[in-house]
Amino acid sequence: MFFDAVRNNKRVVQVFLALITLPFAFWGVDSYVRNSGAGSDLASVGDSKITRPQFDQAWRVQQDRMRQVLGANFRPESMNTPEAKLAVLNSLVDQRLLLIEAAKDRLAVGDDLLREVIGKIPALQENGQFSLARYRAVLAAQGMSQSQFEAQVRQDLTLQQLVAAIGDTGIASTTTTDAMLRIQSEERQVAELRFAPDQFLERVQVDPAAVRKFYDDNANRFEIAEQAKAEFVVLSLDSLLEKAKVSDAEVTGWYESHKDRYQQPEERRASHILILANADVDREKARAKAEEVLKEIQKSPGRFAELAKQYSQDPGSAEKGGDLGFFGRGMMVKAFEDTVFKAQENEVSGLVQSEFGYHIIKVTGIKAGTQRALVDVRSEIEAELKRQAASRQFAEAAEAFSNLVYEQPDSLQPAADRFKVTIQQSGWLPRNPPVEALPALGQLNNPKVLAALFSEDSLKNRRNTEAVEIAPNTLLAARVIEHRPATVRPFDTVKTEIETSLKTQEAAALARKAGEAQLGQLKQGAESKVAWGPAREVSRIESRQLPAVALKAIFKANVGKLPAYAGAEVGGGNYVLYKIMRVSHPEKFDEKRRAALQREQETILAQEDFAAYLAGLRLRYKIDINKSALESKER
């Protein structure tokens, strides 16, 4: 019974998996509701403040998420706008409103559910079972304490109670769903007639004066962008990590002082029979029933699994003969856990009372706690100590590196010599590279680096740029070694290109004109000489069959009288006419699609309900946003 909440909510587990892999973004409920701030606070919600550190942490997390989604196409400057900053701040305001409401409504998460959720996070398991040692190691790697992480999990579960109560109210009616499904499933049989620009090219003559005028009016289209070649050096934690060394004595010392991290605590396997006893069940009757079952087990201990299937009211384990698998301390309610860890293997307990009811427990397996030997964890310890040493070295080296490239601005060689890094050279870099060219720039794909390289000081004086953080624990300094100013391609080299473009544009205009003229005639009933293509069925569901503009024109057409006609410019200068010959609907709808559409509509309704709820909260509480502090560059 008490495992079902986690087993049946995989979404919750996925949320907490994300907590392991992302930086710890927020603080506990208390710090949200009761914190205080100064004039540099970015916002206030009632008496609660949103501070600069809280915003900065959320900002970094959002940047990391965008970087993961967009990869090489991620442009940090796209987030460095007042609109993007305000969006992040507003999301913090919404979170704060929800937390205040949760505290006001006294929503809380008990220790038992907290233990169950954490115990089911795969990242914290070994061999399918919760591992306390792994739990501690993962948190240490993220720089989090156990109390911090558990406060975050408890907070998210609390918020989930509030959000679910609102979001679960979205209900889409069957009538509305069927009406939408009927519209989506409608099919129209169409044939097409295409008017392509190529058909009209021979009729187009381009005036040489028009070609010259186009060149003069659109010089920027023929511009070769400003370019520069650069040399650069990179100081990174990873480069220091490769050179880091640790001694055997350091490894042994770490192991001896952190032995608890490499312990596998004792685990036990148990089966139980649960007789429920809650507010809806007479506790005395439940106890009497449990005592009857216990007597039957005492007479026939070997029938425990059989009797569990017959009597246990825990649906999660009854069908498995009461088996709960192996678990460690802290994974069960206290009374249950105390009984299991005091018993001998194959021993059957008396009645054990918990908040769920009465348990009869049989211990079916014992795995003694073990200590992982130094030889088994040496590589882990070496890697951790090397990273710690490299992190310390990087913290010290970063400032010296930044100072050196600034104080000796005419060369990167001093920095390369001191920090044992290689001077690298780039190809030609455009001042404002198009998105598709960004991946090819490698480590120079950074707006701050490019802006520094194309600054007046870099181009004219050929001085080093400042050290720019291009990624966490990675600094880059660069220097221009060659420069090409922006130039416009000569008219003679682009004359033919312009002529072709103008001819194509005019041919496309003629194609559209001819198509629209034909469409007008068709609507007047003149169709005798039109050579239509083969007929086919199209629908809104199978929208990939035709361009979106064509589908829109086809389904916008009045089909009160058939045949009906529609026209659309579908790209490439092509204008296409469509003859609609038949309209049909399926006799019955696909039930899976009906269910999917209804879920989609319910999701939309739930989102609208939740947005309305948040809007109501924003009216209920006084919200002040400090825009001047938000737009400040003191980040």
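# A guided tour of selected strands and helices

Begin by selecting Glu 469, which stands opposite Leu 475 in strand β17. The model on display is predicted, so that local features need pLDDT of at least 70 and side-chain atom pairs count only at pLDDT 80 or more, while totals for chains, interfaces and linings use all residues. Residues are numbered from 1 along each chain as its sequence is written, and side-chain values use heavy atoms, with hydrogens and water left out.

Now widen the selection to strand β16 (residues 468–471) and strand β17 (residues 474–484), which pair in the antiparallel sense over three bridges. Two strands pair if DSSP finds at least two bridges between them. Helices (H or I, at least four residues) and strands (E, at least two) are DSSP runs, numbered from the N terminus. The hairpin of β16 and β17 has two residues between the strands, and Asn 473 takes a positive phi near 60° there.

Next, select β2, β1 and β22, which form an open sheet of three strands in the order β2-β1-β22 with antiparallel pairing. The edge strands, β2 (48–50) and β22 (623–625), each pair on one side only. Strand β1 (residues 43–45) pairs with β22 in the antiparallel sense over three bridges. Within this pair, Val 45 stands opposite Ile 623 in β22.

Proceed to helix α4 (residues 52–70). At 1.5 Å a residue, its 19 residues should span 27 Å, and the end C-alpha atoms are 26 Å apart, which agrees; the expected span is 1.5 Å times one less than the number of residues. Among the buried residues of α4 are Phe 55, Trp 59 and Val 61, where buried means under 20% relative accessible area (1.4 Å probe, protein chains only). The cover over the buried residues of α4 includes β2, α5 and α23 (627–630).

Finally, display helix α5 (residues 82–104) with helix α22 (residues 591–620): they pack at an angle of about 80°, with their axes 10 Å apart. Axes are lines fitted to C-alpha atoms, for helices over the stretch in contact, and angles run from 0 to 180 degrees between N-to-C directions. The angle makes α5 roughly perpendicular to α22, a term for angles of 65 to 115 degrees. The contact (heavy atoms within 4.5 Å) includes Val 93, Leu 97 and Glu 101 of α5 and Phe 610, Tyr 613 and Arg 618 of α22.

How values were computed:
Angles under 35 degrees count as roughly parallel, over 145 as roughly antiparallel, 65 to 115 as roughly perpendicular and the rest as oblique. Buried means under 20% relative accessible area, exposed over 50%, partly exposed in between (1.4 Å probe, protein chains only).
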